[in-house]
Amino acid sequence: MNLSELVMVAVAGEIVPPTQGSSPYRIGRDGVPRVVPGPGGIVISHRVGDPCVGLAADHLEPGVAVESRQRALKGKPNAANLALNTYACVGNAARVLTGPCTDQKGTVTGKHGGIDHVLIDFPDSVLRRLRIGDRIQIYSHGLGLRLPEHPELTLYNCSPLLIRRWGLRSAPDRLRVPVTHLLPAGIIGSGIGRDNSCRGDGDIQLSDPQVRRRFRLDRLRFGDLVAIRGADHRYGRTLRRGYTTIGVVVHGDSLKSGHGPGVVSLITGPARSLEPVHEANANLARILDLRKEGQTGRRPEQRRTIGQSERLDRLALAFM
């Protein structure tokens with residue numbers, strides 16, 4: 001990594017409450033209105049490493065949701081929060097500044113577009129004591145990160161800590177990347193077309209039962225590292241054959257059409273330069289040591305190289 005070029009900058013925000021519109025109902029893609037928890041607040045029951053599909057919730061954000069409500073510039077009231085969402089990188093350290101959990105440490109695990117939240121994981125004992133409104137400082141480190149041996153790859157939202165612990169392996173002319181799932185770009189809905197990849201996320205649509213079964217989408221967890229074939233996220237999120245993007249699942253499933261578990265972009269580049277390798281435990285909970293062994297996970301699956309599987313490549317391109 002180009003560590004000598006990187007800088008560390010402190011940014012901060014507040015734990016925000018869940019919010020609702022004038023109606024409590026969320027109209028599902030099946031036309032049924034439901035009342036369920038949404039994004040925001042402090043999620044006590046679910047953390048990174050837990051299932052993110054099949055919950056009685058919509059866009060659930062594990063851990064705590066943070067945004068900056070400080071006025072930064074006259075006429076630009078959201079500038080401080082936009083900076084927070086740009087600067088924060090997955091794996092960055094966070095520290096509580098106020099309240100009964102002052103000085104407790106957490107870890108950035110993602111960002112959620114549209115609502116523009118940064119998501120932070122804390123140990124269970126801390127989550128139970130945190131309060132809405134507590135200020136949290138994030139030590140941003142990773143903007144401008146490059147891998148000099150792989151100049152054709154573009155990195156966003158990655159801390160050096162994540163890269164160091166992920167288990168990446170350099171092979172001739174390619175980077176081997178552990179992931180839990182290989183997805184076709186055609187099932188990415190909300191978030192596609194955005195003009196940058198350093199804020200927000202793209203949602204995995206789960207509306208087609210056959211697609212859910214084919215790509216094992218019911219087994220997605222918060223924090224899973226996934227590969228998206230046919231996705232070019234260098235200058236925003238767009239479809240492009242011959243490119244691959246690696247990302248991390250940051251929020252839960254949704255009832256709404258075009259929405260689902262959110263994926264934050266991490267590494268993108270030509271498919272010939274990125275080789276996804278199936279690893280059942282390629283999840284932030286293990287990689288960043290956020291949960292004790294046995295608290296999360298599923299049955300180990302045999303490790304295999306996805307990039308060399310012609311059958312899976314055909315499936316991934318089926319929805320292009």
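The model is predicted, so local features need pLDDT of at least 70 and side-chain atom pairs count only at pLDDT 80 or more, while totals for chains, interfaces and linings use all residues. Residues are numbered from 1 along each chain as its sequence is written, and side-chain values use heavy atoms, without hydrogens and water.

Strands are DSSP runs of E with at least two residues, numbered from the N terminus, and two of them pair if DSSP finds at least two bridges between them. Strand 11 (residues 169–171) runs antiparallel to strand 12 (residues 174–179), with three bridges joining them. Arg-169 stands opposite Arg-176 in strand 12. Two residues lie between the strands of this hairpin, in which Asp-173 has a positive phi near 65 degrees. Strand 12 also pairs with strand 18 (residues 274–278), in the parallel sense and over five bridges. There, Pro-178 is opposite Val-277 in strand 18.

A cavity is a set of grid points where a 1.4 Å probe fits but cannot get out. The largest cavity is lined by Ala-185, Ile-188, Ile-192, Ile-228, Ala-231, His-233, Thr-238 and Leu-239. Strand 15 (225–232) and strand 16 (238–251) each supply at least two residues of this lining.

Technical notes. Helices (H or I, at least four residues) and strands (E, at least two) are DSSP runs, numbered from the N terminus. On a 1 Å grid over the protein atoms alone, a cavity is a set of points where a 1.4 Å probe fits but cannot get out, and a pocket is an open set with protein on both sides within 12 Å along at least five of seven lines; lining residues have an atom within 4 Å of a point.
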